[in-house]
Amino acid sequence: MDLSPTTAQETFRSEIRAWLVENLPWEYGQGLPPRFETLDEEVMFLRQWQASLAQGGWVGVAWPSQFGGRGAGPAEHFIVQEELARARAPEMVGRIGLNLAAPTILANGSNEQQERWLSRIRTAEDLWCQLFSEPGAGSDLASLTTRAQKVDGGWIVNGQKVWTSYAQFADWGVCLARSDPDATKHKGISYLIIDMHAPGVEVRPLVQLTGDAEFNEVFLNDVFVPDDQLVGDPHDGWRVANSTLSHERGTNPRQLVIHMQLLEELLRLAEENGTFNDTRLRGALAEAYVEIRLFQLHNLRSVSRLSRGLDPGPEGSALKLYWSEMSKRFHDTAMAILGEAAPLWKGAGSNPGDGQWQRSWLYYQASSLWAGSNEIQRNVIGERVLGLPRSSRSGSEQKSGRNKE
Ligand SMILES: Cc1cc2nc3c(=O)[nH]c(=O)nc-3n(C[C@H](O)[C@H](O)[C@H](O)COP(=O)(O)OP(=O)(O)OC[C@H]3O[C@@H](n4cnc5c(N)ncnc54)[C@H](O)[C@@H]3O)c2cc1C
């Protein structure tokens with residue numbers, strides 16, 4: 001694997017950096033993006049920001065040009081994500097559409113579906129959510145029970161989804177529903193696009209540990225989904241879903257840059273409050289640095305595979321496992337460095353970061369669950385990378401699980 005960027009890639013990096021210096025709604029390299037009192041205000045601001053990035057040609061760079069992309073490769077996509085994070089730009093508000101729905105529609109959707117949805121995903125005119133998990137189907141996703149019944153001109157969908165991030169802001173949702181109850185578990189599922197404003201769709205926000213309500217329960221009561229919102233063939237949804245799931249992991253350039261920035265801030269804090277003189281904490285900071293560099297190598301291995309036309313493969317599980325465990329250890333170190341301020345929250349007086357470190361610690365506790373839990377990633381690595389024998393439970397679960405690629 002050759003890790004050195006080509007001249008064209010270096011030019012590309014300079015171009016996006018120059019664009020960001022010119023167009024960021026805050027000063028490049030100075031301070032942080034604005035913070036908002038409510039999630040509604042934040043989402044509105046981020047929609048405008050994504051629209052402006054799309055206008056500059058920096059969203060969906062790997063998409064075909066007919067949908068506003070540049071037909072670029074995975075390395076360029078990686079560069080854009082790195083540069084956005086370096087400029088301290090928040091994560092793209094339309095990320096579920098961009099990272100999960102769009103690649104699935106590009107790979108499996110009809111021409112009409114691509115024309116209808118892709119451009120609006122890029123510009124954040126439409127936001128999307130992922131209606132996969134259910135109260136009884138997470139790791140073992142194929143055991144889902146939401147039903148899609150065939151009627152004239154479409155499907156009637158009934159069921160409950162859960163942990164649906166950003167459903168309260170979404171215009172569309174990619175949904176898995178059981179369309180043939182008599183078929184075996186993986187065979188009778190269809191992949192439907194739900195209009196989140198359709199009658200019968202009810203979204204109830206769930207408050208997380210951080211106090212925010214980013215994810216939701218979604219109830220689907222007799223929701224009519226027209227035939228032209230089925231992706232792929234009827235009952236072939238499991239195959240289509242796997243193309244969505246394989247995009248949940250792979251590379252994570254954003255987390256790479258963010259952790260390096262957080263580490264720099266933590267070093268400053270440790271010097272200010274004297275904890276840098278504590279040998280144990282100094283060791284933990286050095287370890288954090290080494291781990292971030294190792295994470296970079298995991299990322300580069302994935303980019304190298306993608307650039308050769310391969311998918312991230314089961315090794316993508318190692319990347320997901322590594323960054324989530326690394327993030328948790330990193331935030332434990334941050335709490336140790338905050339010392340007596342660690343239990344404080346926003347507005348609590350002498351609290352470096354005014355609650356941002358504590359919020360971040362709470363947020364990253366979920367990282368070992370989303371995009372497939374870490375136990376499942378370990379099973380995948382054990383069985384498919386290391387070739388260890390399958391245990392009877394993990395074997396059957398994984399075959400049907402969220403992580404089957
Ligand atoms: C912040 C966040 C956002 C999310 N957003 C979305 C979203 O937008 N859309 C969506 O569809 N889903 C979303 N999810 C759901 C996520 O994909 C699931 O939480 C995940 O797949 C695990 O499923 P579960 O929560 O049902 O846990 P379960 O599958 O019930 O697992 C419970 C525990 O048992 C362990 N376990 C299960 N099976 C095995 C096994 N075979 N071997 C060993 N251990 C096992 C798991 O590791 C876990 O620790 C989100 C989750 C989080 C935390």
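Two residues count as in contact here if their C-beta atoms, placed from the backbone, lie within 7 Å. Keep in mind that this is a predicted model: local features need pLDDT of at least 70, side-chain atom pairs count only at pLDDT 80 or more, and totals for chains, interfaces and linings use all residues. Residue numbers start from 1 along each chain as its sequence is written.

**Stop 1: Ala 170.** Select it and show its contacts. Leaving aside residues up to four places away in sequence, Ala 170 touches Leu 127, Trp 128, Cys 129 and Met 196.

**Stop 2: the core around it.** Ala 170 belongs to the largest nonpolar core, which has 89 residues; Ala 170, Trp 128, Val 157, Leu 192 and Ile 194 touch the most other members. Helix H9, residues 316–338, gives the most to this core, with 9 residues. A nonpolar core means buried Ala, Val, Leu, Ile, Met, Phe, Trp, Tyr and Cys residues joined through C-beta atoms within 7 Å. Buried means 20 or more other C-beta atoms within 10 Å of a residue's own, exposed means 12 or fewer, and partly exposed is in between, with C-beta atoms placed from the backbone. Helices (H or I, at least four residues) and strands (E, at least two) are DSSP runs, numbered from the N terminus.

Stop 3: Now pick residues 147–151 (S2) and 154–161 (S3), which pair in the antiparallel sense over 5 bridges; pairing requires DSSP to find at least two bridges. Arg 147 in the viewer stands opposite Asn 158 in S3. With 2 residues between the strands, the hairpin has Gly 153 at a positive phi near 85 degrees.

**Stop 4: Asp 236.** Is Asp 236 buried or partly exposed? It has 18 C-beta neighbours inside 10 Å, so Asp 236 counts as partly exposed. Look for Asp 236 in the loop between strand S8 (230–231) and helix H6 (237–245).

**Last stop: zoom out.** Color by domain: 7–93 is domain 1, 128–237 is domain 2 and 253–400 is domain 3, with bounds from an automatic or database domain assignment. The C-alpha centres of domain 1 and domain 2 lie 30 Å apart. The whole C-alpha trace spans about 70 × 50 × 45 Å along its principal axes.
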